[in-house]
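Hello,

Here is the structure I promised to pass on. Please open it first, then read my notes below.

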Amino acid sequence: MAFVFNPIDPEVLRNPYPTYKRMRDEHPVYRHPAGFWVLSRYEHVAGALKDAETFSSAAMGRQGQMMPVAQEDRPTIGQSLISEDPPIHTRQRNIVNRGFTPSRIAALEPRIEMLAEELFPSFASRGHFDLTAEFANPLPVSVIAELLGLDPARRDDFKKWSSDIIINATAGGMGAQVMDSMRKFRAAIAEAVEDRKRNPGSDLISILVDAGLGEGILDAESTLGFAGLLLAAGSETTTNLIGNMMVTLLQDPGLMERVKEAPTSIRALIEESLRHDPPVQMLMRLTTRGVQIGDTEIPAGNLVMTMLGSANRDETRFSDPDTFDIDRNTQGHLGFGFGNHFCLGASLARLEGTIAIRQLLERLQKPRLAEPDVEYHGSFLIRGPARLPIEFEPRLAA
């Protein structure tokens, strides 16, 4: 039987890595029957992400073209930094970088600690909770909402809309629910942008719309697109990073005890998790000209799926790649992408992940999986537990 890569096959979603290996070994430059291409080897994926002239980021936001969805049903938030190429991307990136300076990110640490602490009382005396719904979801979206200057009381709305836009829209369909969330999400961000024009503050949206930036100001559509991208993609990435790390720790009690006893190892845990089971599994690119990859010619104007999750398991780049090794040298992993679109919020995600894991291990006594099988999202883009029931001794750590 001929090999066909179905990114939303239930078995692939449960564990995509055996399929990725087969592609690397047998079909490293794979043409899908739907017409797009899939790159699975590290050298090809990293090469494509580095070559912005040949592999355009204009493809981002067009994942729906790989599914049988009518053009008018494909939602958009607005012109977004993630889908721009140089020189426009370079100019916009320089502007939004002002909101992600090392000092600005470091200053968020006490507030992130507080937001994490505030989540525990709701389940601490229960002895069980769903880590995804009750911790990994609300923490990152609360952080991002406050960074942007949005009302944190609406975090449940923001999270629902983000999940619909990022996960449900890449799980095989873009129905009425996704379109409704897109409209509400866009309206909420647009309202905040207009408010900051009249009442500027110190939040990130204010930085982006501040008329004092002169030629550096983003236009209204770009500001809307970036704020929406940060809230949706930023929160989903960190949510699933936290979830994936906890799955690994809960399935390996020895590793969990080691990390608990040496919290400084959380940084290594984060990097190996980003390599071993990254929350973002792929990025789309569009060829601007014909390009030769290996023995295969990809014509101009073709969509290309660059598989980060597969590249991070490439045996030619990482030895024994299927083994989770906290002592591994993870330098060069593609968990945050590569090239000029390397994740803008990487330092924030690392900080949130560090605080989240540290507090979970400190406060949960004898945590364990409440169910043997982990249920993952149905998205070909985002990988992480859709729900993660955990049991523990019902008391806080002293």
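How many of the 11 residues of α14 are buried? Nine are, so the helix is largely enclosed by the rest of the structure. The buried set in α14 is Ile266, Leu269, Ile270, Glu271, Glu272, Ser273, Leu274, Arg275 and His276. Please keep in mind that this is a predicted model.

**Overall**

The protein has 398 residues, and 56% of them count as buried. It contains 16 helices and 12 strands.

**Salt bridges**

I searched the whole structure and got 23 salt bridges. Side chains of opposite charge can pair when their charged atoms come close.

Glu271 and Arg350 form a salt bridge through their side chains, at 2.7 Å from N to O. Glu271 sits in α14 (residues 266–276) and Arg350 in α16 (residues 346–363), so this pair ties together parts that are 79 residues apart in sequence. Both Glu271 and Arg350 are buried.

Next, two strands. The side chains of Glu391 and Arg368 also meet in a salt bridge, here at 3.6 Å, N to O. Glu391 belongs to strand β12 (residues 389–393) and Arg368 to strand β9 (residues 365–369), so the pair ties together parts 23 residues apart in sequence. Is Glu391 buried or partly exposed? Glu391 counts as partly exposed because its relative accessibility is 31%. Arg368, at 36%, counts as partly exposed too.

Lys184 and Asp180 meet through their side chains at 3.1 Å, N to O, in a salt bridge. Both lie in α10, four residues apart, which is about one turn of the helix. An α-helix has 3.6 residues a turn, so residues three or four places apart point the same way. Lys184 is partly exposed, with a relative accessible area of 42%. Asp180 is partly exposed as well, at 29%.

The network links Lys21, Arg24, Asp25 and Glu315 by salt bridges.

**Packing of α9 and α10**

How do these two helices meet? Helix α9 covers residues 155–166 and helix α10 covers residues 176–198. They pack at an angle of about 130 degrees, and their axes are 9 Å apart. The two helices are therefore oblique to each other. Their crossing is left-handed.

From α9, the contact uses Phe158, Lys160, Trp161, Ser162, Asp164 and Ile165. From α10, it uses Gln177, Val178, Ser181, Met182, Lys184, Phe185 and Ala188. By class, that contact has seven nonpolar, three polar and three charged residues.

Thr237 is in helix α12 (residues 220–251). Its relative accessible area is 12%, so Thr237 is buried. Which residues does Thr237 contact, leaving aside its neighbours within four places in sequence? They are Pro279 and Val280. Pro278 is 41 residues from Thr237 in sequence, yet the two C-alpha atoms are 8.8 Å apart in space.

Ile95 lies in helix α4 (residues 88–96). Ile95 counts as buried because its relative accessibility is 2%. Ile95 and Ile207 are 112 residues apart in sequence, with a C-alpha to C-alpha distance of 8.8 Å.

**Backbone points to check by eye**

Two residues have a positive phi without being glycine.

- Asp320 has a phi of about 45 degrees. Asp320 lies in the loop between α15 (308–311) and α16. With a relative accessible area of 52%, Asp320 is exposed.
- Lys366 has a phi near 55 degrees. Lys366 is in strand β9, the strand that also holds Arg368. Lys366 is exposed, with a relative accessible area of 62%.

That is the handover.

Best wishes

Definitions and conventions:
Residues numbered from 1 in each chain as written. Predicted model: local features only at pLDDT ≥ 70, side-chain atom pairs only at ≥ 80, totals over all residues. Heavy atoms only, no water. Axes fitted to C-alpha atoms, helices over the stretch in contact; angles between N-to-C directions. Parallel < 35°, antiparallel > 145°, perpendicular 65-115°, else oblique. Left-handed = near helix turned anticlockwise from the far one by under 90°. Contact = heavy atoms within 4.5 Å. Nonpolar A, V, L, I, M, F, W, Y, C, P; charged D, E, K, R; others polar. Buried < 20%, exposed > 50% of the residue type's maximum accessible area, 1.4 Å probe, protein only. Salt bridge = Lys/Arg side-chain N within 4 Å of Asp/Glu carboxyl O.
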